[in-house]
Amino acid sequence: MNTETLDHLETRDPGERERDLMRRLPALVAQAQSAPGWARILHGVDAAAIDHRAALAQLPVTRKAQLKDLQQHDLPFGGLTATPPRALSRICMSPGPIFDAEGHAADWWRFARPMYAAGVRAGGLLQNCFSYHFTPAAFMVESGAARIGCTVIPAGSGQTELQVQAMAALRPDTYVGTPSFLKLILEKAQETGADVSSVRHALLSAEALPDSLRKWFVEHGVPHVCQAYASADAGNIAYETRTGGALNPGMVLDEEVILEIVRPGSGEPVAPGEVGEVVLTVFNPDYPLIRFATGDLSALLTDAVPSPCGRTNARIRGWLGRADQTTKVRAMFVHPSQVHEIARRHGLGRTRLVVTGTTADETMTLQCESDDPATAGDGAAIVATLRDVTKLRGEVLFVQRGSLPNDGKVIDDRRSYD
């Protein structure tokens with residue numbers, strides 16, 4: 001076995017992986033339909049027919065933003081868990097509040113993969129600085145560490161001085177937690193003269209990691225820094241890898257996830273390489289997720305060459321912002337789904353609603369890509385649809401195909417708030 005990967009699944013032929021996921025997909029949909037919440041969402045769906053991506057793309061999208069309302073009507077999980085709440089291992093609570101499930105299976109969150117890629121090994125010692133208070137992040141690390149066979153310091157978050165004391169005394173080789181808290185710990189160690197040089201690896205998540213901060217960590221003695229992209233609902237989604245000391249491009253998808261990148265406000269997959277909203281189908285027997293929209297923006301890497309680390313799964317660019325670009329214009333909310341509906345009615349390609357001016361004196365302009373803007377379609381009809389859908393007046397501007405930025409924006413608020 002490749003000692004640089006957790007198991008053989010990470011280096012499978014991509015075609016073999018895709019066939020395996022599609023083979024298992026009908027059973028996952030059927031399993032989800034055994035839960036009352038999913039039974040309502042997937043009513044009338046023939047699970048046996050959902051055995052390819054095109055069929056999956058026809059199923060409704062369930063958005064993370066809907067979870068609070070779903071759960072309030074059917075506590076604690078909105079009827080989306082296939083395992084009864086009191087048969088689970090833990091019930092966690094995230095801000096909102098949103099309740100999150102954890103089952104009994106080993107490495108339930110599939111967090112061993114990003115940890116292993118970050119350098120965690122059997123016999124190692126890591127300082128777990130995710131919170132153990134209500135939220136599941138710390139337990140993701142615990143379950144991954146148990147699978148790998150390393151020892152955990154259950155440090156949690158806060159108490160910076162005590163964190164430094166633990167590092168200096170126990171000499172962990174790895175830190176797992178948020179980037180901002182690692183920076184605080186290293187600054188406190190520098191201030192107090194404590195030796196925390198044993199920490200050579202860091203797996204960071206839950207916050208953005210700009211290149212400037214990554215460089216700062218290297219300059220302050222932590223040369224091997226990797227990110228994980230995870231959520232309290234889906235567990236591990238994707239993670240960074242290294243080959244030797246070099247960071248590899250993109251983030252490798254988890255083996256139990258089917259990922260789609262869709263146009264924000266819709267469920268329609270975009271072309272490979274185009275920025276859109278992350279939609280996940282997760283193979284989890286306790287908490288199956290079918291076309292679950294995270295609200296995050298990302299894009300698939302279009303480079304067909306496997307990652308230099310040897311992992312062959314698809315890679316994404318990482319977190320590129322939030323997909324929910326809902327804005328308020330003249331006291332009316334305008335949603336990405338409305339922009340998508342206008343585009344659908346008129347068979348438009350990439351569109352973007354640009355809001356300019358100042359509060360109470362705004363102008364909405366729907367920019368529509370066209371092969372020949374000078375001879376494009378009926379702008380007056382699109383203006384009428386814009387008003388019908390949003391209940392607001394707006395303009396239409398045809399622009400050259402390919403001229404709108406590939407950044408996932410559907411609504412671009414350029415108003416001045418000075």
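Predicted model: local features only at pLDDT ≥ 70, side-chain atom pairs only at ≥ 80, totals over all residues.
Trainee: Is Arg393 buried or exposed?
Mentor: Leaving aside neighbours within four places in sequence, Arg393 is in contact with Arg330, Met364 and Arg387. Its relative accessible area is 57%, and the cut-off for exposed is over 50%. So Arg393 comes out as exposed.

Trainee: How many Å apart in space are Arg393 and Glu274?
Mentor: In sequence, 119 residues separate Arg393 and Glu274. In space, going C-alpha to C-alpha, the figure is 29 Å.

Trainee: Thr365 next. Buried or exposed?
Mentor: Thr365 is part of strand 20, residues 361–370. Not counting residues up to four places away in sequence, Thr365 touches Arg352, Leu353, Val354, Glu395 and Leu397. Its relative accessibility is 13%, and buried means under 20%. Thr365 therefore counts as buried.

Trainee: At what angle do helix 10 and helix 11 pack?
Mentor: Helix 10 is residues 336–345 and helix 11 is residues 379–390, with axes 10 Å apart. On the helix 10 side, Gln338, Glu341, Ile342 and Arg345 make the contact, and their partners in helix 11 include Ile382, Leu386 and Val389. The residues of this contact divide into four nonpolar, three polar and three charged. The crossing is right-handed, and the packing angle is about 145 degrees.

Trainee: And helix 8 with helix 9: is that crossing left-handed or right-handed?
Mentor: Their axes come within 11 Å and cross at roughly 35 degrees. Pro179, Leu182, Lys183, Leu186 and Glu187 in helix 8 meet Leu213, Trp216 and Phe217 in helix 9. That contact divides into six nonpolar, no polar and two charged residues. As for the hand of the crossing, it's left-handed.

Trainee: Which residues does a cis peptide bond join?
Mentor: Most peptide bonds are trans. For the cis one here, omega is about 0 degrees. Its proline sits in the loop between helix 4 (67–73) and strand 2 (90–94). The pair is Leu75 and Pro76.

Trainee: Ala206 has a positive phi. Is Ala206 buried or exposed?
Mentor: Most residues other than glycine have a negative phi. Ala206 isn't a glycine, yet its phi is about 80 degrees. It lies in the loop between strand 7 (201–204) and helix 9. With 66% relative accessibility, Ala206 is exposed.

Trainee: What about Arg291, buried or exposed?
Mentor: Arg291 also isn't a glycine, and its positive phi is about 50 degrees. Arg291 belongs to strand 15, residues 289–298. Since its relative accessibility is 1%, Arg291 counts as buried.

Terms used: Residues numbered from 1 in each chain as written. Heavy atoms only, no water. Axes fitted to C-alpha atoms, helices over the stretch in contact; angles between N-to-C directions. Helix = DSSP H or I, 4+ residues; strand = E, 2+ residues; numbered from the N terminus. Left-handed = near helix turned anticlockwise from the far one by under 90°. Contact = heavy atoms within 4.5 Å. Nonpolar A, V, L, I, M, F, W, Y, C, P; charged D, E, K, R; others polar. Buried < 20%, exposed > 50% of the residue type's maximum accessible area, 1.4 Å probe, protein only.
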